[in-house]
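Open the model in your viewer and keep the selection panel at hand. The tour goes stop by stop.

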Amino acid sequence: MSQDLLHQDEIRALVREAYAAIDGGSRAVAEKLYGHDELEGIPAVAIERALGVGNHLRHARIRPGDTVLDLGCGSGIDSILAARKTGPAGRVLALDFLPEMLERTAAAAKEAGLDTIETLEGEMEAIPLADASVDCVISNGVLNLSPRKARALAECARVLRPAGELCVADLTVDEEELPPEVLTHPAAWAG
Ligand SMILES: C[S@@+](CC[C@H](N)C(=O)[O-])C[C@H]1O[C@@H](n2cnc3c(N)ncnc32)[C@H](O)[C@@H]1O
């Protein structure tokens, strides 16, 4: 986490390419991570394209009326679950750098009848939001994809209001340093 790697542009392009190419169509990830009650009423486009690594929303302290930022929203499953918690007085800002992900999130939100989810095109390393404008940042399987993790985390801190919270599900490594063949392997970055 302490080190941002060189070759950031190449890594960013590689991650973009990998996620643009993902073909959805399986409920396996969603059914592993979420309960039946949570999945009820979530549109198929969001369930079948869930790409998260955990269910952090069970731990997120989201209150009615909150503004939540879903960092790397993908097809929107967590944005929808968060919008249920913020209620009609709240807002969920669904951020992703791929327009096709944002289109799916917008379609899923519409199908779910939620008009409090706003899609936002941008990068987690340069979040297009004002300082101290968000109550809770949620993120599921996204920070590990950044070649500039420290920068992405600093951006989360910048947009959070005082006492705001960051609730993350992600991949971590226990070793001090990964071997170079893993660090430089495209599939290890995007997978
Ligand atoms: C593993 S998927 C997780 C999607 C979603 N959170 C979920 O649980 O289904 C990672 C998502 O992060 C997005 N992403 C990757 N790098 C990004 C970046 N630097 N800025 C914004 N979004 C990014 C990808 O386009 C993809 O939608």
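Which polar side-chain atom lies 3.1 Å from a nitrogen atom of the ligand? Select glutamate 125: a polar atom of its side chain is at that distance.

First, some ground rules. This is a predicted model, in which local features need pLDDT of at least 70 and side-chain atom pairs count only at pLDDT 80 or more, while totals for chains, interfaces and linings use all residues. Residues are numbered from 1 along each chain as its sequence is written, and side-chain values use heavy atoms, with hydrogens and water left out.

**Stop 1: the ligand**

Stay at the ligand and show its surroundings. It is surrounded by 21 residues, counted when a heavy atom of the residue lies within 4 Å of the molecule. The closest are Leu51, Gly72, Asp96, Met124 and Glu125.

Now pick aspartate 96. An N or O atom of its side chain is 2.6 Å from an oxygen atom of the ligand. Move to phenylalanine 97. Here a backbone N or O atom lies 3.3 Å from a nitrogen atom of the ligand.

**Stop 2: the sheet**

Switch to cartoon. Helices (H or I, at least four residues) and strands (E, at least two) are DSSP runs, numbered from the N terminus. Five strands form an open sheet with parallel pairing, in the order β3-β2-β1-β4-β5. Strands count as paired if DSSP finds at least two bridges between them.

Color β3 (117–121) and β5 (160–169). These stand at the edges, each with a single partner strand, so one side of each lacks a neighbour in the sheet. From one strand to the next, the twist averages 20°. Angles run from 0 to 180 degrees between N-to-C directions, with axes fitted to C-alpha atoms, for helices over the stretch in contact.

Next, select β4 (residues 134–140) with β5. The two pair in the parallel sense over six bridges. Asparagine 140 stands opposite alanine 169 in β5.

**Stop 3: helix α5**

Select residues 77–86. This is α5, which packs on the sheet and touches β1 (67–71), β2 (91–96), β3 and β4; contact means heavy atoms within 4.5 Å. The direction of α5 makes about 165° with that of β2.

Eight of the 10 residues of α5 are buried, so the helix is largely enclosed by the rest of the structure. Buried means under 20% relative accessible area, exposed over 50%, and partly exposed in between (1.4 Å probe, protein chains only). The buried residues are Ile77, Asp78, Ser79, Ile80, Leu81, Ala82, Ala83 and Thr86.

Zoom in on threonine 86, at 0% relative accessibility. Leaving aside neighbours within four places in sequence, its contacts include Ile62, Pro64, Val68 and Val92. Glycine 87 follows α5, with a positive phi near 70°.

**Stop 4: aspartate 70**

Go to strand β1 and pick aspartate 70. Is this residue buried or exposed? Aspartate 70 is buried, with a relative accessible area of 2%. The side chains of aspartate 70 and serine 79 are joined by a polar contact of 2.8 Å. Such a contact is a pair of N or O atoms within 3.5 Å; within protein, one must be able to donate a hydrogen and the other to accept it, and residues adjacent in sequence count only if both atoms are side-chain atoms. Not counting residues up to four places away in sequence, aspartate 70 also touches residues including Leu93, Leu95 and Ile138.

**Stop 5: helix α7**

Select residues 149–159. Helix α7 packs on the sheet, touching β1, β4 and β5, and its direction makes about 140° with that of β5. Lys149, Ala152, Glu155, Cys156 and Val159 are buried in α7. Seen down the axis, these buried residues fall within an arc of 120°, so they line one face of the helix; the arc is that of the directions from the helix axis to the C-beta atoms. Their cover includes β1, β4, β5 and α9 (186–190).

Pick glutamate 155, with a relative accessible area of 6%. Beyond residues up to four places away in sequence, it touches Met124, Glu125, Ala126 and Ile127. Then try alanine 150, also in α7. Alanine 150 is partly exposed at 34%. Its C-alpha atom is 8.7 Å from that of glutamate 125.

**Last stop: two positive phi values**

Select alanine 132, in the loop between β3 and β4. Its phi is near 50°, positive in a residue other than glycine. Finish at alanine 163 in strand β5. Phi there is near 70°, and alanine 163 is exposed, at 76% relative accessibility.
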